Amino acid sequence: MTLGSRVKKLRRERGLTQEYLAERLHVTRQAVSKWENDRAQPSMEKLLELSALFEIPLPQLTGTAAPSAMEAVRPPKPIWKLLFFLTAALLAAVLLLWRLSVRTPSAESVSPGPVYERLSDRLLGEELSHLPDGRSVWIRLVMREGEYFTEDWEEYLPGGGIYPINYRGSYRLEVWEESGKCLDSYRLDGDFGGDPLNFPGEVDIGLFDYNWDGLPEFTIGQYGSSSILLYRLYTLGGDGTIHPSCPELIGDSSNRDAFSIVFPRRKEEEGKGFHTFWWNNAAGSMEETAYRWEAQAGQFLAAG
């Protein structure tokens, strides 16, 4: 059994969701998903936290020692449990002090309440990228201020753009060097008509260089209708700043659960642009729109 399979098995045996595990470990749900599917490995710090959370020895979690061998060397159960919890408490204190000592001035990790809570500087998604000079940077989606609420909130009103779980408020896109220096903070307030933005959970930001200029593009989406999401397209500039790279909202119906997507391309579109598929309610059919890079305008524009 792989490490990812063990993490998934232990999580399910304890009735935990990926979202809950991510909150406890201060990582994204996507990170937990990658661990469980063996597409990434937890750091030693996270392995220790997982061991404490699941209440099993680290070698048993990582598979470096058979459970039977571990049982053979354990002290009597009451003593072993006492030693285990004392060790876990000491480890948690050390990790807390370490986090406080190395925290950069980025968005705080906030654990929302079960029904409603006011939030500020809430990190909702991040993705690693690289600048032309080789520097590594993090693109982050951050709630400046807003509210978290679920369908169990007494003032919850279902409707278009409202989900079982909601993170609604004003947002910004930030670019951070790994050293902790912020290169840009781009406000999203006016890019979707001025209304508060709302997301049903963490956002997995997808990067792609559509025009082959060495600068990645990415999208941020919002509810458009029951059949379509509306996206803004952005480019990470060579200096680490963020720029809109399409003058209009781009409709797409291919994945209404993804609030950042990579648009499809055909072979003849590689290096030139992309296309989208969206449901036309009036015509009752799926439509296609192609977008092409116009160097003179410095934008992706709808073809035709």
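Which residue of β13 is the bridge partner of W293? The partner is F300. This is a predicted model of a protein with seven helices and 13 strands. Of its 304 residues, 44% count as buried. Among the contacts with a separation of 6 or more, 54% are between residues 24 or more positions apart.

**The sheet of β11, β12 and β13**

- Three strands make up an open sheet, ordered β11-β12-β13, with antiparallel pairing.
- The edges are taken by β11 (273-280) and β13, each of which has a single partner strand, so one side of each has no neighbour in the sheet.
- On average, neighbouring strands of this sheet are turned by 30° against each other, direction ignored.
- Eight bridges join β11 and β12, which pair in the antiparallel sense.
- W279 stands opposite M286, a residue of β12.
- Strand β12 (residues 285-294) also pairs with strand β13 (residues 299-302), in the antiparallel sense and over four bridges.

**Helix α1 and what covers it**

- Helix α1 spans residues 3-13, and its buried residues are L3, G4, R6, V7, L10 and R11.
- Viewed down the axis of α1, these buried residues fall within an arc of 160°, so they line one face of the helix.
- R12 and E13, on the other side of α1, are exposed.
- The cover over the buried residues of α1 includes α2 (18-25), α3 (29-36), α4 (44-54) and α5 (58-62).
- Just after α1 comes G15, which takes a positive phi of about 70°.

**Helix α3**

- The buried residues in α3 are Q30, V32, S33, W35 and E36.
- Helices α1, α2 and α4 are included in what covers them.
- D38 follows α3 and has a positive phi, near 60°.

**Aromatic rings**

- The count of aromatic pairs in the model comes to 18.
- One of the pairs is formed by Y186 and Y234, with an edge-to-face arrangement, 5.6 Å centre to centre and 70° between the planes.
- Y186 belongs to strand β4 (residues 182-187) and Y234 to strand β8 (residues 228-236), so this pair ties together parts that are 48 residues apart in sequence.
- Y186 and Y234 are both buried.
- A cluster linked by ring pairs contains F208, Y210, Y231, F263, F274, Y291, W293 and F300.
- R265 lies over the face of F208, 3.9 Å from the ring centre.

**D191 in a loop**

- The loop between β4 and β5 (197-199) holds D191.
- Is D191 buried or exposed? Its relative accessibility is 14%, and the cut-off for buried is under 20%, so D191 counts as buried.
- Leaving out residues up to four places away in sequence, D191 touches Y186, R232, Y234 and L249.
- Two of these, Y186 and Y234, form the edge-to-face pair described above.
- E248 is 57 residues from D191 in sequence, while the C-alpha to C-alpha distance between D191 and E248 is 9.5 Å.

**S170 in a strand**

- S170 is placed in strand β3 (residues 165-177).
- The relative accessibility of S170 is 16%, which is under the 20% cut-off, so S170 counts as buried too.
- Apart from neighbours within four places in sequence, S170 is in contact with V142, M143, R144, E145 and D189.

Methods. Residues are numbered from 1 along each chain as its sequence is written. This is a predicted model: local features need pLDDT of at least 70, side-chain atom pairs count only at pLDDT 80 or more; totals for chains, interfaces and linings use all residues. Side-chain values use heavy atoms; hydrogens and water are left out. Buried means under 20% relative accessible area, exposed over 50%, partly exposed in between (1.4 Å probe, protein chains only). Helices (H or I, at least four residues) and strands (E, at least two) are DSSP runs, numbered from the N terminus. The arc is that of the directions from the helix axis to the C-beta atoms. Contact means heavy atoms within 4.5 Å. Two strands pair if DSSP finds at least two bridges between them. Axes are lines fitted to C-alpha atoms, for helices over the stretch in contact, and angles run from 0 to 180 degrees between N-to-C directions. Rings of Phe, Tyr and Trp (its six-membered ring) pair if their centres lie within 6.5 Å; planes under 30 degrees apart count as stacked, over 60 as edge-to-face and the rest as tilted. A charge sits over a ring if NZ of Lys or CZ of Arg is within 6 Å of the ring centre and within 35 degrees of the ring normal.
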